[in-house]
Amino acid sequence: MKKIIAAAVASAFIVPAFAADISISGDQEFSWQDNNGVTTAELDGDFNIKVSAEASNGISVGADINVSEIAADDGSASLTISGPFGKIDAGDTSSALDAVDDVTDWGYELTTGTGNEDASVLWTLPTMMEGLTVNLSVSADSTSADSSTTAGNGYSVKYSFGDGDIRYGINDNEDNTEQTYVAATYSMAGIGFAIEQFTTTTAAGVDTDNDAMAVTYTTGDLTLAIETIETSSAGSTSADITTLGAHYSLGGGLTAFVEQKDDDEDSTAETTAVGLAFSF
């Protein structure tokens, strides 16, 4: 698979010079958090610079650069090329699993979701049938933009139907570890439902399951939500987290939010966050 992706990247670079379009977007969040009586003020933000252009032969190319509020690299920087061969994202990009996961992560600060590692190259194949998306990924031993990658290959599929979808994927790593992912989502009349399971398997064959579920309800500018996530291994539960939230859109990209998280397995993990989030 590494050779296939490498060949696709090489062929896609053969394009004439062209003019580029540039766009800037981003977000900034401030929250006041209380963790069992200990208060913390949190500020988190980034801005994203996207450059895109299209050649006369139909090949499109783009660059994606993310910078944090302290002018540091915020990750997920990549070069994107797309055409009849599909779409190739190269750099610090999503792994095949990361491209379809986190369907339960609705929060600004306290939700958990089921995060996966990044990859060096992500290839989204051309559409083979309506509603079906297929991703392949490959990771090097290390990436200059992201030291958290693990060498290996991955694939994922997503099938969308009406108001729902189902997702599945595997990362097979060179260190004999593995990650598997399965999820489903559905929405109707302002109610969204999502469920996912992310399993990590060690080289010794020990599984750790992260089972997550989320329900959201949106009416007008108000969204109410809940997320539950349980982490277990070898019959023992290490985390059983419930997160509640209320988000209210104030217009102009500004949202006020309240989120509260509690872990039944850790009496010191109760946290409340109140804040504002601005997206542009």
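Select β3 and strand β4 (residues 78-83) to begin: the two pair in the antiparallel sense over five bridges. Strands here are DSSP runs of E with at least two residues, helices are runs of H or I with at least four residues, and both are numbered from the N terminus. Two strands pair if DSSP finds at least two bridges between them. Pick S60 next; its bridge partner in β4 is S82.

This is a predicted model, in which local features need pLDDT of at least 70 and side-chain atom pairs count only at pLDDT 80 or more, while totals for chains, interfaces and linings use all residues. Residues are numbered from 1 along each chain as its sequence is written, and side-chain values use heavy atoms, with hydrogens and water left out.

Five residues separate β2 and β3 in a hairpin, and G58 in the turn has a positive phi of about 90°.

Move to N135, in strand β7 (residues 132-139). N135 counts as buried because its relative accessibility is 4%; buried means under 20% relative accessible area, exposed over 50%, and partly exposed in between, with a 1.4 Å probe and protein chains only. Show the side chains of N135 and T124, which are joined by a polar contact of 2.8 Å. A polar contact is a pair of N or O atoms within 3.5 Å; within protein, one must be able to donate a hydrogen and the other to accept it, and residues adjacent in sequence count only if both atoms are side-chain atoms. Leaving out residues up to four places away in sequence, N135 touches A96, A99, V100, L122, W123, T124, G154, Y155 and S156, where contact means heavy atoms within 4.5 Å.

Two loop residues come next. N176 lies in the loop between β9 (164-173) and β10 (178-188). Phi of N176 is positive, near 70°, in a residue other than glycine. With a relative accessible area of 60%, N176 is exposed. Go on to A234, in the loop between β13 (222-233) and β14 (236-251). A234, also a residue other than glycine, has a positive phi near 50°, and counts as exposed at 77% relative accessibility.

Finally, display the whole protein, with its one helix and 16 strands. Of its 280 residues, 36% are buried.
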